[in-house]
Amino acid sequence: MASPQCCANPPTLNPAGGEGKVVDSFGGIKSYVAGAAESKAAVILVSDVFGFEAPNLRKIADKVASSGYFVVVPDFLHGDPLVLESTEKPFPVWIKEHGPDKAFEEAKPVIAALKEKGASTVGAVGYCWGAKVVAELAKAHEIQAAVMCHPSFVTVDDIKEVKCPIAILGAEIDRMSPPEVVKQFEQVLSSKLVTLSRFSLGLSTDGPELEVAAALHDTLVPEGNGMASPQCCANPPALNPAGGEGKVVDSFGGIKAYISGADDSKAAVILASDVYGFEAPNLRKIADKVASSGYFVVVPDFIHGDPFVPANTERPIQVWIKEHGPDKGFEEAKPVIAALKEKGVSSIGAAGYCWGAKVVVELAKAHEIQAAVMCHPSFVTVDDIKEVKCPIAILGAEVDHLSPPEVVKQFEQVLSSKSEIGHFVKIFPGVAHGWTVRYKSDDAHAVKSAEEALADMIDWFNKNLKAIGGACDPAPATSSV
């Protein structure tokens, strides 16, 4: 830990940095806080030796908060970060006063304060020195999910005692936790079937907050916002490659697709599926219904014949998603849009479900489309919504651990500040994530709500796409939250 590598590139501290705020006491300790105070999922970030005023740490806190978490960054160093130039207090002296064991004890009242304010799940992320604090919290089962970034002080014996899902993000060049040690950690965790683990070596310095957010999505379950939540993949459909009133073509914009509707329509809609792909019967019913309203509809097979299979224990969602990132779907959508324009389409909308909503928001950010609809989105953040450049509708569920109502309301707040962007936001009561496309046919309430959501979607496209030449005034902002 005393290695020069440990303390390399010290930050320029900024007590006023970040989009959140500093409070004098959270669980009895000064802290930086960010995110929706009413969120049911919270994350504690534990700094390295340079403390809670590090600008990049606060950026990470804000990014995690934008994914729907309430984030607390306690000042476990009590205003006394390591100062490399201090000859009177070199690292060996400093560390005696600031052992991770002290911070572990101080973290307990912070967790208690989070629970008192209504948080039902708490995760923790630690950096270097802070990773040891997080490991201790994971051993004591004080938290529901843990992330350790380039850990120091953590041993194999620590890992053996971990009692919650844990992610370890290591560096290829690390003298404190070299890849060989991280692999030992992985071996230990592989024998602990109760613990979900995630590993990454060679952590990118370009976007560490994305790695942390992804790890939290993978681990903070079942009540958090994670893609790994059972809710994400509930009620899988019985796929039918021959279903629908339209037809499957081998290539539309270079990708296999289901198409439906009048070929000569000047208005088109792209549907981006959830993790179960373009053969889902309800998705094709939606495509046919949208087509019956005058649109040419394309449902590309962005998953390339490889939908998620819940029964495949060798390929859980955490493995599957690495091969099928929404970023790939976004890039593959561009030639589809080009093909639509080549055939004479003048206005294009896109609707995405769960996984597919992230594809759609990327298209909306790039202004590749003229109207967007997101149904119970996954992976979408407040920062994404800030960059949206076309009219957008967001249809959320009352019971949704991936985009809970608190997060959807944050999306609405951002859109309300963008007067030039029309928006419609609605949270449907009594339904859960995935209901628009994976509803149970014997659940009358779910069926009715799915039909209502479809009607809202078609209405949104009618207001924003159906006009001469595809040009129209954006629909006014409306809300039902």
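Student: Before anything else, what is a polar contact?
Tutor: A polar contact is a pair of N or O atoms within 3.5 Å; within protein, one must be able to donate a hydrogen and the other to accept it, and residues adjacent in sequence count only if both atoms are side-chain atoms.

Student: Okay, which side chain does H324 join in a polar contact?
Tutor: The partner is the side chain of D306, at 2.7 Å. Along the chain, H324 and D306 are 18 residues apart, and their C-alpha atoms are separated by 8.9 Å.

Student: How should I read these numbers?
Tutor: This is a predicted model, where local features need pLDDT of at least 70 and side-chain atom pairs count only at pLDDT 80 or more, while totals for chains, interfaces and linings use all residues. Residues are numbered from 1 along each chain as its sequence is written, and side-chain values use heavy atoms, leaving out hydrogens and water.

Student: Back to H324, then: where does it lie?
Tutor: You'll find H324 in the loop between helix 9 (317–323) and helix 10. Helices (H or I, at least four residues) and strands (E, at least two) are DSSP runs, numbered from the N terminus.

Student: And is H324 buried or exposed?
Tutor: H324 is buried, with a relative accessible area of 9%. The cut-offs are under 20% for buried, over 50% for exposed and partly exposed in between, using a 1.4 Å probe and protein chains only.

Student: What does H324 touch?
Tutor: Leaving aside neighbours within four places in sequence, H324 is in contact (heavy atoms within 4.5 Å) with I303, D306, R315 and W355.

Student: What about helix 3 and helix 4: at what angle do they cross?
Tutor: Roughly 55 degrees for helix 3 (residues 100–116) and helix 4 (residues 129–139), whose axes come within 9 Å. On helix 3 the contact uses P100, A103, F104, A107 and I111, and on helix 4 it uses W129, K132, V133, E136 and L137.

Student: New topic: where is H376 found?
Tutor: H376 is in the loop between strand 14 (371–375) and helix 12 (382–386). H376 is buried, at 0% relative accessible area, and its side chain reaches the backbone nitrogen of G434 at 3.4 Å. Among the residues H376 touches are Y353, D400 and W435.

Student: Last one: how many of the eleven residues of helix 8 are buried?
Tutor: Eight, so helix 8 (residues 281–291) is largely enclosed by the rest of the structure. The buried residues include N282, L283 and R284. Across the 481 residues of the protein, 58% count as buried.

Note on methods: Axes fitted to C-alpha atoms, helices over the stretch in contact; angles between N-to-C directions.
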